[in-house]
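Let's work through a few exercises on aromatic rings. Have a look at the model first, then try each task before you read its solution.

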Amino acid sequence: MTTTPPDIERADAARVDNEKVNNDSVGIDRRRLLLLLGLATAVTVFTATVPLLRDWFDLRVYYGTIDTWVHHDGRIYDYQVPGTTYGFTYPPFAAVGMLPMALVSLDTAIALCLLLNLAALAAVLYILAGPLLRRYGWYGTAVAACVLALLEPLRDTFSFGQVNLLLLALVLADAWLLSTGRGRWAGVGIGLAAAVKLTPALFIGLLLIARRWRAAGLATAVAAAATAAAAWVAPDASRFYWTEALWDTNRIGRLAYVSNQSLQGVLARLAEPAEPSRAAWASLVLVVLCVWAWRTHRAVTTGDWVGAFAVTGLTACLVSPITWVHHLVWLLPSFAVLLRHRRLLWLAGCLYAVLCSSVVWLWFDDASGPGGFLGSNIYVWITLGLLLGLPVGQSSAGRRFLSRRIRATAPAPNPVVPTTTPATVQREGEASFSATGTGSEPAPADGRGVSAEGRGGSSEPTGSTRPAARKPQSSSERASWYTVKPPPA
C-alpha cells in the first residue's frame with residue numbers, strides 16, 4: 001500500500017483552498033457588477049425621466065459670446081442668448097481662456113466640456129478621497145460616481161456646461177501641492193480661479209490666515225497678471241466690466257430667483273417685490289466672515305487643513321451676491337470632513353438626500369409665508385449649519401494635509417523574533433488631503449502592523465517592540481426645470 005507524501009498532500013490542500021477562494025471572489029465580483037448595473041440603470045432612468053437636464057444653457061452663453069467676439073466683431077458683454085436676456089457675466093479673463101471654442105463647433109465644445117468636467121471631478125475625488133477609493137477599488141469608485149451623479153449641484157454643473165468643478169479642482173490642486181511639499185507653485189490654482197470668477201479669491205484670505213505668505217502672494221500675483229493680460233487682449237471689455245458690469249447684479253439674474261441660495265437671495269425673497277436692504281446684507285456678510293475667520297484660524301492652528309478649505313468654500317457660497325444651485329459644488333469638501341467621522345455618517349447621508357431632491361423648486365412660483373421662507377432657502381440653511389457646526393480643528397488626523405512624512409520601511413516580520421518598528425520622523429509638508437483615517441476612529445493597521453497614526457505620529461525617532469502582525473486578508477416646472485426661465489451663466 002502506497003502513501004502520499006505529506007508535502008504533496010499540503011500542496012493539494014492549498015490548491016483546493018485557492019480554487020475555493022477564487023470561486024468565491026468571482027461570485028462576489030458578479031454580485032457587485034449586477035448591483036452596479038442596477039444602480040447605474042436607476043440613475044440613468046432618473047436623469048432621463050425627471051426634468052433636470054439644462055440643455056447646456058451656460059455653455060451656449062459662453063460659445064455664443066466667443067463666436068460673436070471672434071467671428072462677428074461683436075463685444076463680449078453685448079451678446080445675449082437668442083430669446084433671453086442672459087449673456088456673459090464673468091471677468092474678461094474667463095472669455096480669454098475660452099477663446100479655443102472659436103476653433104470648434106458647438107457639439108465639439110459640448111463634448112470637450114463634458115470631458116473637462118469629468119477630469120475635474122476625478123481630480124477632486126482623488127484629492128478628497130483618494131485613499132478611500134483605492135481601498136474599495138473599481139467597485140467603490142463606480143458606486144461613488146453613481147451616487148454623485150444624483151447630487152443636484154453636480155448634475156446641474158454637467159448639464160449646464162458650467163465651470164464650477166474646474167475652479168474647485170484648481171483650488172484643491174493648490175491644497176495638494178502644499179500637502180505634498182511642492183509648495184513652490186502653490187497659489188497658482190487659486191489665482192487662476194479668482195481671475196475666472198471672483199468668489200474663489202476668498203481662498204487667498206485662507207492662505208493669509210494660515211500665514212502661507214508665499215502662496216498668498218503668488219495667488220494674488222497670478223490673479224493680477226491674468227486680469228492685466230485680459231485687459232491687454234480686450235481693453236474695452238475690461239473697462240466696461242470693472243466699471244459697470246461688475247456692479248450691476250441685474251446682469252447676472254434676478255436676486256429673488258429660487259436658485260439663488262446665498263444670503264442675498266434670502267433677503268431678496270423676503271423683500272420681494274421690493275429691493276433687499278444692502279445694509280442688512282453687508283451686516284450679515286460681515287458676521288459670516290468673522291465666523292469664517294474664527295473657524296478657519298482654529299482649523300489651521302490644529303493642522304486641520306481639510307476643514308479649513310471646507311469652511312472657506314461654505315463661506316464663499318454664503319457671501320457671494322448670487323450663488324446658483326450649481327455653485328454648491330463647493331460643499332464637496334464639507335462632505336469629505338463629515339465622512340471622516342463615523343458618528344456623522346447619518347448626517348452626511350441626510351444632507352446628501354436633501355441636495356439630491358431639488359426640494360427648493362417646490363417654491364419656484366411662490367416663496368411667501370413661513371413655509372416658503374424655510375423651504376425656498378433650505379440649501380442656505382444647510383450651508384449655514386455646516387459653517388457653524390462642521391467638526392473642524394478637532395482631530396489630529398487633519399494635520400496630514402500639510403504635514404510631510406518620511407515613511408520608514410520595516411523589515412519583514414519574523415514569526416519567532418518580536419519585531420522592532422521604528423517610528424517615522426514627521427516633517428512639514430507631505431500627505432493626502434483625504435476624508436479617510438481621521439476623526440475619532442482608530443486608524444487601521446497596515447501590513448507591517450504599523451497604524452496610520454503611528455507612521456509620522458512622533459517628531460523624535462523612537463522604537464516600540466511588538467509581536468509581528470498577521471498578514472491582512474485579501475479579499476415638473478416646480479422641479480428643477482430651467483428651460484422655461486433659464487438661469488444666467
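**Exercise 1.** Is Tyr 77 buried or exposed?

*Solution.* Keep in mind that this is a predicted model. Start with the cut-off: buried means under 20% relative accessible area. Tyr 77 has a relative accessible area of 5%, so this residue is buried.

**Exercise 2.** Work out how the rings of Tyr 77 and Phe 240 are arranged, and what their pair links.

*Solution.* Step one: there are 15 aromatic pairs in the structure. In one of them, Tyr 77 and Phe 240 sit 5.8 Å apart, centre to centre, with 40° between the planes. Step two: planes under 30 degrees apart would be stacked and over 60 edge-to-face, so this pair counts as tilted. Step three: find the two residues. Tyr 77 is in the loop between helix 2 and helix 3, while Phe 240 belongs to helix 10, so the pair ties together parts 163 residues apart in sequence. Step four: check the partner's surface. Phe 240 has a relative accessible area of 28%, so it's partly exposed.

**Exercise 3.** Which residues form one aromatic cluster with Tyr 77?

*Solution.* Tyr 77 clusters with Tyr 62, Phe 88, Tyr 90, Phe 240, Tyr 241 and Trp 242.

Notes:
Residues numbered from 1 in each chain as written. Predicted model: local features only at pLDDT ≥ 70, side-chain atom pairs only at ≥ 80, totals over all residues. Heavy atoms only, no water. Phe/Tyr/Trp six-rings, centres within 6.5 Å; stacked < 30°, edge-to-face > 60°. Helix = DSSP H or I, 4+ residues; strand = E, 2+ residues; numbered from the N terminus. Buried < 20%, exposed > 50% of the residue type's maximum accessible area, 1.4 Å probe, protein only.
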